[in-house]
Each structure stands twice: as C-alpha cells, then as structure tokens.
Amino acid sequence: MTASPVNDLDHALDPTLNGEASQRLARQIRQELPVAMIDEFQDTDPVQYRIFRRIYPQTAGDGPSDYDAIGNDAVNGNAGEAPSTLLMIGDPKQAIYAFRGADIDTYLAARKVTSSRFTLPRNFRSSAAMVSAVNALFAQHQAPFGSEDIPFQPVEAQGTRTRLVLRHPDGREEAACALNLWWASGERLSADDHRRAMSGACRAQIQALLEGQQRLTAGEPGLVFMDEGDAAPRGVAASDIAVLVRNGREAAAVRGALAEGGIRSVYLSEKSSVFDTPEAFELLQLFEAVAHPRDDRRLRAALATRLLAEDLSLVERLAVDELAWEREVERFDGYHRDWQRRGVLPMLRGVMRDFRVGERLAARAGGERALTDVLHLGELAQNAAQRLDGEQALLRWWHQALESGHEALDSDSLSQRLESDEGLVRVVTIHKSKGLEYPIVLLPFMASFRAAEPDRNFGLLTLKQRWLATADVEGDDVEGDDVEGADEEDDNEEVPARGVDQEDDALDDSILVKKPSREAIAAADHARLMEDVRLLYVALTRPKFACWLGLAPIGKGGFSKQLSLPSTAVGYLLGLSDTPDIEASAIEAALHGWCDQQSAGLARVSGLPAPAGHEYQPPAERDQHFHGARHFAGGIEDDWWIASYTALLTDARQVTAALEDTSDAADDRVPEGATEIALEEGEQGLTRPDREVAGQSGPLLAGGLPMTVGEIHLHDFPRGPRPGTFLHGLLEAVDLDRLGADDYRGELERLVGSRLHFGGFDASWQPRLTDWLEQALTRPLQGFDGEPILLNRLEAWLPELEFWLPAVHARSLPLDAVVTALEPLPRSRPRLAPRRMHGMLKGFIDLTFQSGGRWYVLDWKSNYLGERPEDYLGESLARAMVEHRYDLQYVLYTLALHRLLKARLGEDYDYERCMGGVLYVFLRGLDAGGGSPALAVDAEGETPGMATPGVATPGVFQRRPSQALIEALDLWLGGDSSALDSLLLNTTDTSPLTQSGQQGAFDV
C-alpha cells in the first residue's frame, strides 16, 4: 500500500521528523505561493489543514499573538521574508462529506484561531420567496446546526427577473408556493410503501409541471414561467426540474415511476464513475486486442463483446473460416498502426465506424447511455496517452483505473456525463448537486434516515472522543487512537474520553469502539443528525423558484412504535425531536401550524398528488420537415500525429535494412516490412531510456542482484532497461545545489537507499552511489569554449523540461540530410524513415541549466561502452552517438531550448551569446577514470579537481550546433524547408544516403 501525495507532504513538513528540512520546504512553498486561497474549506480534513498550517503558520493561528489575522498581510518565518496570506473560504452549513474524511471540527478549529471573518449576506441565486422560506425553516430552531460556532444568519435575496406562477386562462396569476410540504396520509408506513408513494408523487407533480403550458392552452390553469418584460408565458421544461435523492436505490424508484409516465430522466451521482460501467471493461478488451493483433485469445475476447457484436455469430463464423479470420487479424493490424501513428481516439473512432457501434448501441435499450460512456472513455484514453509512453503503458493505466479509479484524474473527469442534450429530468444525489442550481427541486425522501449504529459484521462504531464528556466504552477493544486510562482487563470500566489538545483542535481523534454504550451510540447519532441537517440545508438551497419536500409517518422499524420523522433533520428543526413518541396526526398538525405562521406564498402542506390517467406526451418536434442530414464535402486532415525523438529513432532502426536498395526518397510512407518490425518492437512497452539500453545486460547474481565482492565501480552497476530507468529517476530526484554540502549527506543517503529498495537493487550499492553522486557530479565539466561547469553551482536548473513544438508538414529526410551533413560525427549512422511530421513534436530534456551566462541541455546516458576511460572517448564515444542517433536528439533539444529562450528573453536573446549547447553525460564513463571520475588526466601543474582546457572529459560529449542549422530547423518545423535546402547546397556532401567511412578526426 503506497502513501498518498497528501500524506507524503504532511510527512515532509513535519518538523519532528525532518527538522530544518521541513522549515526550508515550507519557506520555499511560501515564496512560490505567497497567497493561498482554499475554497470549500469546510470539506478539509485534519491532515490537509495541518499541511497548510505548517506552510502558513501565522495566518493559520500558530504565529505570534500580535498577528493581524486572515485577510491582512502577515510576515511568516524569518525577518525579511515576503508577506504571505492564507484565505480559507467555506460554509460550515454545507459540510456534508464526512464519508470522504472531511471534518467539520477542522473548520471550527481554524475558525477559532482567525479573528478576521467575512460573510456573504446576499443570495443571488433564488427568488425572494424561496430564500425567505429557507430562512424561516432554519430560524425555527435556536441552534439549527447544533453549535454556536455554526450560527444561522438569515440572508437577503437579490431576487430574480423570472417568476414561477400559476397562470389562469383569463390572465390572472398566482405566485407559486416556494416550499411545498407533502404529507402522506396514514398512521404508519413501511420504508417500501413510503418509497413507492413518494416516487408516484414525483411522477404526478413533474407531469403536471411539464404539462403546464399545454393545460393553459387547453383553457386550464397551469404552472408556467413569466419573464420580466415579456407577456408570453414559458412552459416548464424537463431540464428545469431536478429530483434530489440520497442513493441509487431512491433514484431507481423515482426513475422507474417517471418511465411509467413516459417522462425521460437521467441519473447523476457523485459515485457514478465512468470506469464502473460495462463499457469500460469492454474497451479494455478492445484495446488489448488492438495492441496485440496476433494474439488469438485477446482478439476473440474483443469480438465477443457487446461493443462489437450483438451475439457470438461472428466469433462462431471466424472459428471455421480461416481466410475470414486472417482478414480480421489484418484489420486489427491496421487499427494497431492507427493507434501508433494517430492516437488511441482516432483508432477507436475507426473501430466504431467499421463495426457500426453507434448505430447498434442507439437501437439498444439504454444504448444512448452506453454510447456516451464509450465516447467519454475514449477521450480519457486519449488524454492519458499523451502522458504515457506507448500502448502498454496505457493498458496498465486502464487496468488500474478499473480496479480503483485513477488518482491522476479528478472526480469531474471520471463522473458519467449526460447522455443527451435533450431536455431530461435530472435525478441527482444531494452530494452531487452541491454547488449547482435548478429552477425546480423535488426532495421526496427527506422523512427517512439511517441511524448511526455499530457495524453489523464487527460490532464497531466510529466515534470522536470530543463528542463524549464521559463515555461508557463497553467491550473488548477500542481501535484507532488509544484512550487514556483504559484498562484492558475491565470491559465495563467508565473511561473518560481523552481530552483534545486545546492548541490543536484540528487533531483527528476518531476511534472505533466495539460494543459501544447507549451514550456512545447517542453521541454518534447526534453527529449523524447534524450532518443530515447540513445535508437538508444544501438540498433546500439548490432551487431557484420552488421546492416540494416529501414527509411521511414512517415507522422506525423492528418492534418500535415510534415514527422516524422526529429523528430527521426536518423533525429536529421543527422541534419534533423533543417528543419522540409523537403520533402521525400530531405531526401533521405541527406542520400545518408552522406553515400558517409564514407569509402567504412561502410554505404550505398538502397531500400527495395523484398520478394522471395518461402518459406524458412531449411537445411536437419543432421541425416537421426534416429532410435528413447534410452531406459534408470538405476535407479533413487525418495525418496529424505526435512525433518524438523516440519515434523517429525507432523508425530509423527499423527501416535501415528495408531501404537498403531503395532510392525513392519522395514517398513519405514507411515500407511495409519496416512497419512489421515496428509492431513487434512496440509491444515491448519500453520507455525512452529503456530502449537505448534494451540490448545490454549487466553482471548479475542468480537472484538478480549485483555482485558485491571486492571494489565496485559504477560501470559494474547492473545494465539494461531497469537499471537505466533507475539511474535517470535518481538523478532527477537529486538536489544539485546541495551536492557536497554536509547537511545534505544524510538526506542523500536516505534518497539513494529508498530508491534502491523500491527498485529491487542490492542495498550495498548505497554508499557507492552516494559517494559517486557527491564526487563525480561535483567535478567540473567542460562547457562551450572550455568554460568550466559545476553542476552544484549552477545559476538556474530544471530537470525533466517537457516541450511541445508544433510541426507543419515537416519531412524527416531533409532533417536527416542536414544533420548528417553539418554535425561532425561519422557518416555510418542509421537513416531515418521517410516520414512527414504534422502535429506536435514532444520531448523531455533531462536537465536544462544556465552556467556562465549560457544555457545548456544535458542528457544523462546509462549506456555501457566498456570499463576503460578510452571506451568513453573519441571513436568509441562517437560510435555510441551515431548508433542511437543522439545527433538528431541533441539538435531537436537545442531547437526546443532555442524557442524557449526566444519566447522568454525576447530582444535580449542572442544565440551566440546565450546558447551553450548540449552535454551528453555517459554516467558509467564518469566513473571509468578511477580516482578522477569526472576528469581527463590532469595536465602537469594543474590544480587537482579543475577541468583541463582542451582535454576531453571521459564520458562527456559537448557540442553546440550552429546558429544557421537551428534557425533553419526552426523554419523547417513550421513547414518551410528552403533554409535547410540552402544549407545542404553549401556543403560538399549533402546526401544522407552515403554510408562510407567516418570522419578522420573526432573531437568530443
């Protein structure tokens, strides 16, 4: 089980665990983000609040007592530090996410330590009558939210320009009642009877609302909207109505009743993730088949899904027709190529077209919902693919999302979308409705509740110790935080709840109590009731014009003769909770009495409306003369794709043999033979650093661990894809500025040890790698014109700089030709495949830094070239550069840096003055020099540890491409290759097809 990012940050900011490092991190965050605004703060949990309190200690109430609190500037930390402010924005009356870990006590603790508080006194959403009705209901109780720290302050109404009225045929209007209380007749209803009765009432009321305009036209009174300045009434549409429920069971009951009346609806829930649908699993099967088109089992599984076929007849036919099966394999081969070249979403669209997915789903019951989910999932797949490397990474991501959702996506991205733009009645959970508004709202099930009680399986009840002044904790165990004074040998001892530290009221003091006492259960149920009150407040503040609230005499269940309404939020607000044995007739009388006290048009009590004797018939379509869809005669570019150095390099390796006897350089298509190789290699799912060392293997023991006998050098470190990825990740995590500092040694050791552990490498590498990082990476490297570069003394640096460059019909062969002609490397290098890049060119630069006023690109390489220093110099280093076409990589990376500097520096940018070039650092070569791993042999008389001008450093390739080349490539990427053509004409040998010989001299 891995820790969440929030818990990692909490750990990093804990001064007891990390000392000065935690303070340094907090100061750095404050400097980067001096003003923090936390919206929906009432949903904060104790850990989140503790993080913000440590970052902004004075604004969170932990600073000196003379601090002028939130809303004013405050100086945090040391003298001279820039002012910073923390603004906490929230409404404790809407704290309804306890099931997610949100803690109302955290909000209250923060409120106590802030002296500046600001309140919004005006409602701009709802009508004046709706606001007044809500004010009246919550003002009925002296402490509606159970605490003086959560006061209810009546708000004013801005009012609306639209009114909901009962209009008569003669033009008379009566304002619709804002709060309508339904009371179901009878002395006692079961939960099922209550659910059926309220669902039927919803259908009847919604049908009456939808038919208001039709009734008015037929000469009967009808509920309609009247807009200010417009004499014509506007009928209520289905999209104006929302039914708010607690869970899927209530939603199903309402939707079933609406469907019986011919009223279409859609269900939206906070928990309805698109990855919980059958379509998500079927798409996984499809993606598996497309990624492995030659795998018969995966292909059959995909063809057997309802996404691609309505039955198994296709699979049955293919099982006996070998030629048809081969054609299907070839078709999925084509889908695989589309995925690699154009992306997963264009591929999916092609599958949907070929298998008529949209047409078949639309004809199926619930097909509109399924089709919406398929398209939504396709978009999520495309977005995820942009961050991942290859189809195998996307498949792993999809598996994780199916298992437990995906942390990289927010809840809005995962939530199911509306399946239609048509007017549909929305059935929404109250939690999902928070923050939204609807013209008309129905709350049919507010007379029910779920009491707080011990878990039926284990008998455990969740409590907070602060809820109990004195709790009789009966039972064998109290799980969670220990309770002070508990005697394990006495199951019935009276145990005082642990006092909460007054200096830290935001501590999470939750406990699990086994076999709790009545007092403990009562305290938990009171907390449940207060959350129900807040839930009711959220629900009643959603409607703009009118709300129907369903109440009924529901029995508590079991052998109890009591009714449930006194234990609900409505019963609490009306004072019914003081008389738990109240009868149904008395409740009805109390409701009538409260409504009679209100102004006209605010609240009323009525019985449940009876369903109409006919189904609802929607208004006729506007266009009665539909002649079919228009035909599209335009052109669509279908060759847009995302290119990268890796894609170009892979093609270069693949097509070298395939183009050996080919002279047709004008064709941009990859030869078929080369494509087949691409498909085979692509299934390995290797990342960029993995591919470069995929053919290497290292000295490993039988158990997969490195040899630890004798002296260990870095070139003895395991070789291959996994070690290469490990080294890249380690270097990305190192704080270069602090390398060699005494206070960083311990932190660096922990970093290396942790990385080795999670990477599956032997722990004996820790001291060697730590020493190597401190020694090899702090030795001078030679930059442009021999300028010394110290990686721990850089002026500015950023690891893993991502770039995206637009590419407009940029052909690969001119790129290959000019780089081969102008970069001083041997000519025997793999050729690029003839491709046209139209879309985006993306990449990641391992390290971008500034030294001596110049900017550099640095790329770490873990390739193993040998154990001698000369293996990382001269021709040997040149051979590695050309084998992997690193010349192409560093030219493109320099182009990316060139564009960035032009954009950031503007007129101050000059290539000759600002650009330092590239450094390719072969990590094993830095160690190959023995006692001086980062240096060439020192010249006589030179100070040890200083770079020797003019002498090559083992393992380091330094080069700055010419300004003319980079500027020509800048134009080429935009679709203009004339500058590249001019450069080629000025060289003595311009053909990239020449494969003879190497340059006589090669200077690294």
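**Reading the model**

Tutor: Let us begin with a polar contact, that is, a pair of N or O atoms within 3.5 Å, where within protein one must be able to donate a hydrogen and the other to accept it, and residues adjacent in sequence count only if both atoms are side-chain atoms. The side chain of Thr894 reaches the backbone oxygen of Tyr890 at 2.6 Å. Please note that this is a predicted model, in which local features need pLDDT of at least 70, side-chain atom pairs count only at pLDDT 80 or more, and totals for chains, interfaces and linings use all residues. Residues are numbered from 1 along each chain as its sequence is written, and side-chain values use heavy atoms, with hydrogens and water left out.

Student: In which element is Thr894 found, and why does Thr894 count as buried or exposed?

Tutor: Helices (H or I, at least four residues) and strands (E, at least two) are DSSP runs numbered from the N terminus. Thr894 belongs to helix α31 (residues 886-905). Buried means under 20% relative accessible area, exposed over 50%, and partly exposed in between (1.4 Å probe, protein chains only). Thr894 counts as buried because its relative accessibility is 1%.

Student: Which residues is Thr894 in contact with, leaving aside neighbours within four places in sequence?

Tutor: Contact means heavy atoms within 4.5 Å. On that basis Thr894 is in contact with Tyr911, Met915, Val918, Pro961 and Ile966.

Student: How is Val427 placed, in sequence and in space, relative to Leu268?

Tutor: The two are 159 residues apart in sequence, yet 6.3 Å apart in space, C-alpha to C-alpha. Val427 lies in strand β13 (residues 425-429) and is buried because its relative accessible area is 0%. Not counting residues up to four places away in sequence, Val427 touches residues including Val243, Val245, Ala251 and Leu268.

Student: Is Glu615 buried, partly exposed or exposed, and why?

Tutor: Glu615 is partly exposed, because its relative accessible area is 45%. Glu615 lies in the loop between β21 (603-606) and β22 (641-644). Its C-alpha atom is 8.5 Å from that of Gln207, 408 residues away along the chain.

Student: What caps the N-terminal end of α4?

Tutor: Asp45 does: one of its side-chain oxygens lies 3.1 Å from the backbone nitrogen of Val47. Within helix α4 (residues 46-55), the buried residues include Pro46, Tyr49 and Ile51.

Student: What is the mean pLDDT of the protein?

Tutor: pLDDT is the predictor's confidence in each residue, from 0 to 100. The mean is 79, and 79% of the residues reach 70 or more. Over residues 654-691, pLDDT stays under 50.
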